[in-house]
Amino acid sequence: MRSALDTLRRDFGGDIIEPGAAEYASASRSVLTSGSPAYVLRPKSVADVRAGVRFAAGSGLLLSVRGGGHAFAGFGTNDDGIVIDLSGLAQVEVIDKERHLVRIGGGATWGQVATALAPHGLAISSGDTKSVGVGGLTLTGGIGWKVRKYGLALDSLVAAELVTADGEVVRASAEENPELFWAIRGGGGNFGIVTAFEFAAHPTTDVFHGRIAFPAAEAAGVLQGWADYLRTAPEELTSIASFANPFAGGPEAPVEIFVTFDGDDPELVARALHPIRRLGTVIDDDVALKPYADTLVDGATPPPGIRLVTRSGFADKESVPEVLRILAEVGASEGSPFIAVRSVGGAVSRVPADATAYAHRRAELMFVTTTLGPGPVVEAARPALEAIWARLAPHADGAYANFLASATEEDVAAVYPTGTYERLAAVKRQYDPGNLFAHNHNIRPQ
């Protein structure tokens, strides 16, 4: 180990942070999880990433790769292992103005991307939080404020540069290593460290964004009407329904319908939002025109000792009514988790099911429950949460990896149906036969 560390110090041009260093306390944790890794490596170049991967492969220690560090399951840190923190690789560059091609470093966040692209009048359909990493979100999906018009973040990906488990640099695209390109669009960080992404951005105007709120007592009708309307709504409209917010009254919290209309025509947005505003008694409405970058919110870091348990599922057209009925009933009860339901469909569903490793193209909705609090509070709530998901199970299909706080075999099976998993496992065997990249929703080499 000593000789390997000496080699790393010789070849690594970035920062090597060990316990006792001044910056270790902040470097050792991800956004949602505390850790105590033996080494945190912050590369400044692709060569540094290669050196870090070779060191990790030879050490036998658990390796975590950190982009934005928002993984609910805590993948961005560990105890007694190695963390490769990509935050130093965050460049955003327009490399082809005519085709709107953008090259983004593997450690960039979506806030950095939105800010950099705004002067060019460009955007990429991404998530909804500034500090979320481009890598973590893209590699497993990317459901954001333009998802119904432009699809998932990974649907805009045209190429990627990876450092694989043997420390080599590989390019993946439709023409180069196409099976690897298929795998990284949904298969997560199982196949290497992406040091750069190339996306096809799209021209954007300002967008209409905000919330339309209704009384909690009207939740059942508002939710069903909202979902029915989204089935035929203009694809410029993307929406999230949230309720049972514990910080706004729990079961008495208003039903908040957040909307983004991808366009700046007030007449078009008025027509698109009229059916939503008619769903019930509007008690607040702050939808306004704003730059797309301003739709992304700041991410919050929970105080020490606070845990978040997040779980997700998908609903197709046939399951939507029953899923929403159960969620509305749960949200009206004391002790309900925070509930959010996201619209999908649209451009997502037009991509062939086998075109990428993202396996949930038929879903109309993705729904999430979140329980948070000190450890004992979260544990006390677990039986009730399990009972909620037992009710949802017959109507839910799969899970969205970006909203899962655990990574059990059952979770992995929910994210990746059997056929998808088997194809991913074959790619894993080629690029990471020793399963170096295992701290994730893990695909085991077969």
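Arg-444 is partly exposed, with 47% of relative accessible area, and in this predicted model its side chain forms a salt bridge with Glu-409, the closest N and O atoms lying 3.5 Å apart. Because Glu-409 belongs to helix α12 (residues 409–415) whereas Arg-444 lies in the segment after α13 (418–431), the pair ties together parts that are 35 residues apart in sequence. Glu-409 itself has a relative accessibility of 57% and therefore counts as exposed, the threshold being over 50%.

The structure holds 32 salt bridges in total, and the table sets out three of them.

| Salt bridge | N to O distance |
|---|---|
| Asp-298 and Lys-130 | 3.6 Å |
| Arg-277 and Asp-285 | 2.7 Å |
| Glu-409 and Arg-444 | 3.5 Å |

The bridge between Asp-298 and Lys-130 links distant parts of the chain, since Asp-298 is in the loop between β16 (288–290) and β17 (306–315) and Lys-130 in the loop between β7 (122–123) and α5 (134–140), 168 residues apart. Asp-298 is exposed at 60% relative accessibility, while Lys-130, at 33%, is partly exposed. In the bridge between Arg-277 and Asp-285, Arg-277 is partly exposed at 29%, and Asp-285 is likewise partly exposed, at 33%. Elsewhere, salt bridges join Arg-103, Glu-161, Arg-171, Glu-176 and Glu-198 into a network.

Helix α8 (residues 219–230) consists of 12 residues and spans 16 Å from its first C-alpha to its last, close to the 16 Å expected. Its buried residues include Val-222, Leu-223, Trp-226 and Tyr-229.

Turning to the aromatic side chains, a search of the whole structure finds 8 pairs. The rings of Phe-72 and Phe-403 are 5.6 Å apart at their centres with planes at 35°, so this pair is tilted. Phe-72 is in the loop between β3 (63–66) and β4 (82–85) and Phe-403 in the loop between α11 (375–392) and α12, which places the two residues 331 apart in the chain; both are buried. Phe-403 also pairs with Tyr-400, and as the centres are 5.9 Å apart and the planes at 40°, that arrangement is tilted too. Tyr-400 is buried, with a relative accessible area of 2%, and Phe-403 counts as buried at 18%. Together with Phe-314 and Tyr-358, the residues Phe-72, Tyr-400 and Phe-403 form one aromatic cluster.

Charged groups also meet rings: Arg-185 lies over the face of Phe-181, 3.8 Å from the ring centre, and the charged end of Arg-423 sits over the ring of Trp-182, at 3.8 Å from its centre.

Methods. Residues numbered from 1 in each chain as written. Predicted model: local features only at pLDDT ≥ 70, side-chain atom pairs only at ≥ 80, totals over all residues. Heavy atoms only, no water. Salt bridge = Lys/Arg side-chain N within 4 Å of Asp/Glu carboxyl O. Helix = DSSP H or I, 4+ residues; strand = E, 2+ residues; numbered from the N terminus. Buried < 20%, exposed > 50% of the residue type's maximum accessible area, 1.4 Å probe, protein only. Expected span 1.5 Å × (residues − 1). Phe/Tyr/Trp six-rings, centres within 6.5 Å; stacked < 30°, edge-to-face > 60°. Lys NZ or Arg CZ within 6 Å of the ring centre and 35° of its normal.
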